[in-house]
Amino acid sequence: MKYPASLLLVSLSAFAASVKADVRLPTLFSEHAVLLSGAAVPVWGWADAGEKVDVSFAGQTKSAMPDASGKWRVKLDALKADAKPQELTVKGKNTLTVKDVLVGEVWLGSGQSNMAMKVSGSNDFGKEQAAANLPQVRMFTVASEASAKAEQDCIGTWVLCSPETVGEFSATLYFFGLEIHKTIGVPTGLIHSSVGGTPIEAWTAAEVQPRSAAAKKKGATPNAEAAAPSAPPVPRAEPVGKEAIGGLFNGKIAPLIPYAIRGAIWSQGENNAKREAAIPRYHQQLTLLITDWRERWGSEFPFAWVQLPNLESPHNRWTLMREQTLKALNVPKTGMAISIDINTDI
């Protein structure tokens, strides 16, 4: 049967209107999520301008009105750690129900290959796998790529830790979170956002980096080759390549803000060590990244990193990088894990 074009147009318009009216949440607020305990917890999303939104969780209900762009945000009062699954409900013209939400610790892990390495590649994987029936440990892995602009949402799902899933978890972040879970005994949410072979400049917002500011003055698109006289050049990259200035921040960090986290851990530096001219400024870059992330999250959360191990060739560049990360300890509430004894053959 053929339908009149006018009827089809009306139907499509009605569908578009209903889609537009739906309250939406970022992917971080999805089944199996872990919310932070002991601090105010922002919850945000999108709806029609003028559409009242009610957010309910753990006996609280907070309300908000979307701004002109349709974005809304509430803050839940500080929550107590709770291993009992609860439901997060968001109600506007439609109702969203997020099931199996726990409350406890939430940590972010970022960087390059040493953060990206999976548990399946770690020592004694079979033993670790057998002991991984830990449904209160959950990991959200950001699957989105670099972007030319700061994204509002990302691709990813919360995954419960089990012998079947743990092999795909970030090893560094998992073992860090496992220690927290065993020590404190509360649900532990781990947000993993890393990409192998990437420089620190890609993980820091472009607008706070000197070479990006210089590029904007010239009317150029910020990328890895736009450099002020005092900033060493970085390898050629497309504006949204994984080495582009701010690209990974835009695609893999910006969508996470302001999800409440206890702190962040960082494992990176090998890429920057390839460029001898970039090494003397690494501690400044790390300081800039920490400061900017904290300002955007609105929290001076703890930030720790792994110092490069003893795996370098005779050029001694990693030795200099270890010194640079040591200098960054001047930043308050930071810490550094020493890994110099990982390899004693060199």
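Helix α8 (residues 282-297) packs against helix α9 (residues 317-327) at an angle of about 40 degrees, the two axes lying 8 Å apart, where helices (H or I, at least four residues) and strands (E, at least two) are DSSP runs numbered from the N terminus, and where axes are lines fitted to C-alpha atoms, for helices over the stretch in contact, with angles running from 0 to 180 degrees between N-to-C directions. The two helices α8 and α9 are therefore oblique to each other, since angles under 35 degrees count as roughly parallel, over 145 as roughly antiparallel, 65 to 115 as roughly perpendicular and the rest as oblique. On the α8 side the contact (heavy atoms within 4.5 Å) is made by Y282, H283 and L286, and on the α9 side by M321, Q324, T325 and K327. Sorted by class, this contact has three nonpolar, three polar and one charged residues; here Ala, Val, Leu, Ile, Met, Phe, Trp, Tyr, Cys and Pro count as nonpolar, Asp, Glu, Lys and Arg as charged, and the others, Gly among them, as polar.

The model is a predicted one, in which local features need pLDDT of at least 70 and side-chain atom pairs count only at pLDDT 80 or more, while totals for chains, interfaces and linings use all residues. Residues are numbered from 1 along each chain as its sequence is written, and side-chain values use heavy atoms, with hydrogens and water left out. The average pLDDT, the predictor's confidence in each residue from 0 to 100, is 88 for the protein, and 84% of the residues score at least 70. Over residues 212-230 pLDDT stays under 50, and the model has 30 contacts beyond four places in sequence for them; pLDDT also stays under 50 over residues 232-238, for which there are 20 such contacts.

Turning to the strands, β3 (residues 53-57) and β6 (residues 82-91) run antiparallel and are joined by three bridges, two strands being paired if DSSP finds at least two bridges between them. Within this pairing, D54 has K91 in β6 as its bridge partner. Strand β6 also pairs in the antiparallel sense with β7 (residues 95-111), over six bridges, and a hairpin of three residues joins β6 to β7. In that pairing D82 stands opposite V103 in β7.

Two backbone details remain. Most residues other than glycine have a negative phi, and most peptide bonds are trans. A58, in the loop between β3 and β4 (60-64), has a positive phi of about 50 degrees although it is not a glycine. I257 and P258 are joined by a cis peptide bond with omega of about 10 degrees, and P258 lies in the loop between α6 (247-253) and β11 (263-267).
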